[in-house]
Amino acid sequence: MRLNVNRRISFLAAVLWLNAAILSAQSVTVLRDVPSTYVYPSAGFLPFNLHRGTQTLLSLMLRGTAFDNPQGVACALLKSDHDPNDPKQDIVVTIVGVNSGAGELIYNVGLKDLRRFGKTGKGEGEFLNPTGVAIDPDGDVAVADTGNHRIVLLKHDGLRLRWVKTLGKKGGGTGQLKNPLAVAYDSRENLYIADAGNNRIQMRTPQGQFHVLDIQGLEAPCALAVIDGKEDWAFYRQGIYADRLAVIDRQGSRLEVFTLEGKLLAQVTADQIADPPMKLSACAFDYYGNLVATDFVKSCLRKFDRDLHPIVSFGGPGEGDFEFTEPRGIAFNRQFGQILVSEKDSVQYFWNGADALNLKASQENEKERISFFLTERALVTASIETPDGTAVQELTYGQDLEEGRQELDWTPGTALASGDYQIKLTVMATYSSRDRVAKELIQAFSYQK
């Protein structure tokens with residue numbers, strides 16, 4: 001069956017209801033013939049199976065508010081919402097989104113309320129074309145107040161946002177800024193800033209000291225993301241994949257990954273991908289250290305592995321399921337694999353999933369080789385069947401396989417006759433949608449003894 005996800009919701013419902021998405025286990029929803037690298041919550045996890053907030057209902061739920069050039073989005077499980085005696089409380093994710101044209105932030109307070117903060121201007125409580133936003137578990141919020149050439153620091157105390165102070169002023173010195181476009185916190189409370197007008201990345205320590213990272217050749221960095229081995233929810237704790245900074249520059253045509261000190265580890269450019277053009281707007285690390293970026297011009301998500309090899313392009317232009325309209329911001333709650341994507345006039349909510357591409361069988365001597373490409377590390381079950389679905393042989397059950405190209409060998413029994421058969425492959429994410437959503441693929445093939 002296909003997941004029925006054609007309904008829409010307001011930003012308010014998206015924020016409040018998504019936090020109830022991980023409350024109870026249900027039977028597994030099996031997807032066929034739809035992309036599943038990212039999936040919508042299975043039936044029963046969100047009221048009416050809703051997963052997308054649109055302009056009409058936003059206006060009804062938060063009077064006087066309209067999507068006006070939405071940009072960055074960020075999320076975190078606040079320490080003030082964490083209750084060690086109630087694990088279900090940990091699904092209360094706090095989300096902050098930038099409504100740039102209106103000079104404001106939209107944010108939630110637990111499961112109770114949706115609020116807005118700010119207006120257009122240059123003073124306290126005001127923003128001018130803000131772009132990026134970041135939030136950490138302590139409730140520290142940083143906003144790239146682009147038009148005012150500053151970073152605004154706020155505090156989310158679990159009940160409301162309040163103004164703390166501003167950082168920087170227009171200029172090219174250390175601690176000064178020119179059109180900052182993005183911000184990101186690491187787990188040590190260091191704040192990274194995409195100082196676009198100065199073609200550099202600055203880092204501010206919790207003690208208030210600014211450092212310019214030694215990165216050469218940046219051209220107007222517009223987005224960044226950070227992951228480190230001290231985080232509670234990161235797979236890699238040490239080594240080259242543990243502490244990394246991702247940066248998008250050159251008007252979205254280049255994505256690079258650096259150490260947190262600024263040493264280049266990998267890069268990919270628009271002319272290296274198989275389906276150009278590419279104009280990336282924002283990026284985020286997932287639990288396994290892969291990078292997912294929003295592509296503004298192709299209206300899709302682009303997933304890259306830890307070395308920035310392209311894995312898959314997810315979605316396409318449109319307003320239907322698994323489609324986007326000029327996606328801008330992206331945020332991951334790595335603990336539960338929740339994903340938020342802001343676009344031109346809505347916000348979408350996904351779970352992390354898994355998919356298999358290019359499933360096929362090839363005969364080599366007396367063996368059959370089953371090959372496929374996983375878009376995510378997954379639990380894989382595979383079997384051989386007759387065309388009517390009668391089981392012939394199980395190849396593997398719930399095997400944990402890495403993303404990328406995979407092969408399974410099958411040696412047919414001597415009693416098996418030549419003829420038509422099919423491969424049945426089921427893949428399931430190792431976290432997030434695990435035990436809730438699975439993808440099933442069936443591929444016909446002919447066997448000759």
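Tutor: Happy to. Let's start with F235, which is partly exposed at a relative accessible area of 34%; on this scale buried means under 20%, exposed over 50%, and partly exposed in between (1.4 Å probe, protein chains only). A word on the basis: this is a predicted model, where local features need pLDDT of at least 70 and side-chain atom pairs count only at pLDDT 80 or more, while totals for chains, interfaces and linings use all residues. Residues are numbered from 1 along each chain as its sequence is written, and side-chain values use heavy atoms, without hydrogens and water.

Rings of Phe, Tyr and Trp (its six-membered ring) pair if their centres lie within 6.5 Å; planes under 30 degrees apart are stacked, over 60 edge-to-face, and the rest tilted. That rule gives 19 aromatic pairs. In one of them, the rings of Y40 and F322 have centres 4.8 Å apart and planes at 35°, so this pair is tilted. Y40 and F322 are both buried. As for F235, its ring and that of Y287 have centres 5.9 Å apart and planes at 70°, so they form an edge-to-face pair.

Y40 and F322 also belong to a cluster that ring pairs build with Y38, F314, F324 and F350.

Charges join in too: a charge sits over a ring if NZ of Lys or CZ of Arg is within 6 Å of the ring centre and within 35 degrees of the ring normal. The charged end of R306 lies over the ring of Y241, 5.3 Å from its centre, and that of R436 over the ring of W351, 5.8 Å from its centre.
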